Every structure is written in C-alpha cells, then in structure tokens.
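I opened the notebook to record what I looked up in this structure. The entries follow in the order in which I made them.

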Amino acid sequence: MTYRDGAGTTSTRSVDPYRLIYTGRRWYLLAYDLTRQDWRTFRTDRIVDASATGQAAALPDPPDPAQTVGTGIARRPYPMRVTVRLAVPADEARRLVPETVGVHHPDGDDATIIDIGGPDADSLARYLLSLGRPLRILHPEEVRQAFLARTRQLLEDNQ
C-alpha cells in the first residue's frame with residue numbers, strides 16, 4: 001500500500017491487514033508490516049492506494065486491536081506531556097481518561113498512573129481540573145504550577 005504519514009511523507013508498505021478499528025473520530029487499520037516485521041497502525045484516510053499481492057503471510061500473535069490503536073493515539077508527539085497519579089482504580093481511570101487520551105498504568109488497587117499529552121501546560125492543567133477527582137501531578141513542574149494557578153483563581157473567584 002502507499003501511505004502518507006502525518007508529516008505528508010509518502011512511503012510504500014508491504015502489510016498484511018488484520019483489523020479495522022473505529023475510535024469515534026477516525027478509522028485505523030491494524031496491520032503486520034512485513035518489512036519492519038512488527039505490528040503497525042495506519043489512519044485509513046492516509047492510505048493513498050492499496051492492492052492485493054495474493055501472497056499470504058504468517059502473522060505472529062496479534063495484539064489487542066483497540067488497545068494498540070488507543071495507545072498509539074495517546075502516545076503521538078505532543079509539545080508537552082504530564083504524568084499524574086489519579087486516585088481511582090484502573091477501570092474508573094479508563095472511563096475518565098480514555099485510552100486514546102492517556103496511557104494507563106495501575107498503581108495498586110486504588111490508583112492509576114496516567115501519561116497524557118497536550119499542547120501546553122495550561123491546557124493540560126484545565127483538562128486535569130475537569131476530571132474532578134483527587135490527583136497528584138508527578139511531572140513536569142510547569143503543569144503543576146499551571147494547575148495551582150488555575151486552582152487559586154477558582155478559589156478567588158468563589159470567595
């Protein structure tokens with residue numbers, strides 16, 4: 001297939017398609033890249049051309065399609081990232097912060113560490129406030145300071 005990535009670079013890929021996944025905004029193809037010998041996800045609107053080769057490929061154990069796409073979207077390059085410890089179990093954390101927004105790591109039974117990307121510290125601070133749950137910003141300090149400034153402003157506005 002011919003594929004154009006997010007930067008506009010076009011490449012030819014030999015892939016064996018596995019699943020189509022809809023995220024609520026876009027369709028993605030999970031496929032085994034025969035050249036790189038690894039699973040890859042491709043936005044379907046960036047597939048320029050595709051043709052069948054008629055050659056079957058032996059696929060290794062496939063990953064979970066929805067989780068693979070979600071993690072790929074959540075890890076895309078953002079200008080800024082924040083890591084937080086959300087004081088809720090992993091299942092609730094995934095409902096609050098979808099897997100297309102953050103990468104989740106359970107931290108015991110009652111907390112979840114989440115890595116979230118965003119455009120800047122203030123946007124991330126606003127997003128974290130919107131969660132309405134106890135959390136601790138682990139890093140970076142810039143997001144912690146933006147979060148504290150927004151929290152102080154909310155307190156002043158409501159006195």
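In which loop does Q37 lie? I found Q37 in the loop between β4 (27-33) and β5. I keep in mind throughout that this is a predicted model.

Entry on backbone geometry. I looked up Q37 for its phi, which is positive at about 50°. I then turned to the peptide bond between H139 and P140, which is cis. Its omega is about 10°. P140 is placed in the loop between β10 (135-139) and α4.

Entry on the helix pair. I looked up how helix α3 (residues 121-130) and helix α4 (residues 141-157) are set against each other. Their axes come within 8 Å and cross at roughly 60°. An angle of 65 to 115 degrees would count as roughly perpendicular, so I put α3 and α4 down as oblique to each other.

I next listed the residues at the contact. From α3 I have A121, D122, L124, A125, R126, L128 and L129. They meet E142, V143, A146, F147, R150, T151 and L154 in α4. Sorted by class, the contact of α3 with α4 holds nine nonpolar, one polar and four charged residues.

Entry on the largest pocket. I noted a space of about 430 Å³ for the largest pocket. Its lining has 18 residues, and Y3, Y28, T41, R43 and R46 lie nearest the centre. Which elements each supply at least two residues of this lining? I have β5 (38-43) and α1 (65-74). The most comes from β5, which gives four residues to the lining of the largest pocket. By class I wrote down six nonpolar, three polar and nine charged residues for the lining of the largest pocket.

Entry on the second largest pocket. I have a volume of about 320 Å³ for the second largest pocket. It is lined by 17 residues, and the closest to its centre are V15, P17, S51, A52 and T53. Strand β3 (residues 15-22) contributes the largest share of this lining, with three residues. By class, I recorded nine nonpolar, six polar and two charged residues in the lining of the second largest pocket.

Conventions:
Residues numbered from 1 in each chain as written. Predicted model: local features only at pLDDT ≥ 70, side-chain atom pairs only at ≥ 80, totals over all residues. Heavy atoms only, no water. Axes fitted to C-alpha atoms, helices over the stretch in contact; angles between N-to-C directions. Parallel < 35°, antiparallel > 145°, perpendicular 65-115°, else oblique. Contact = heavy atoms within 4.5 Å. Nonpolar A, V, L, I, M, F, W, Y, C, P; charged D, E, K, R; others polar. 1 Å grid on protein atoms, 1.4 Å probe; cavity = no way out; pocket = protein on both sides within 12 Å on 5 of 7 lines; lining within 4 Å. Points joined across faces, edges and corners; volume = space filled by probe spheres on them.
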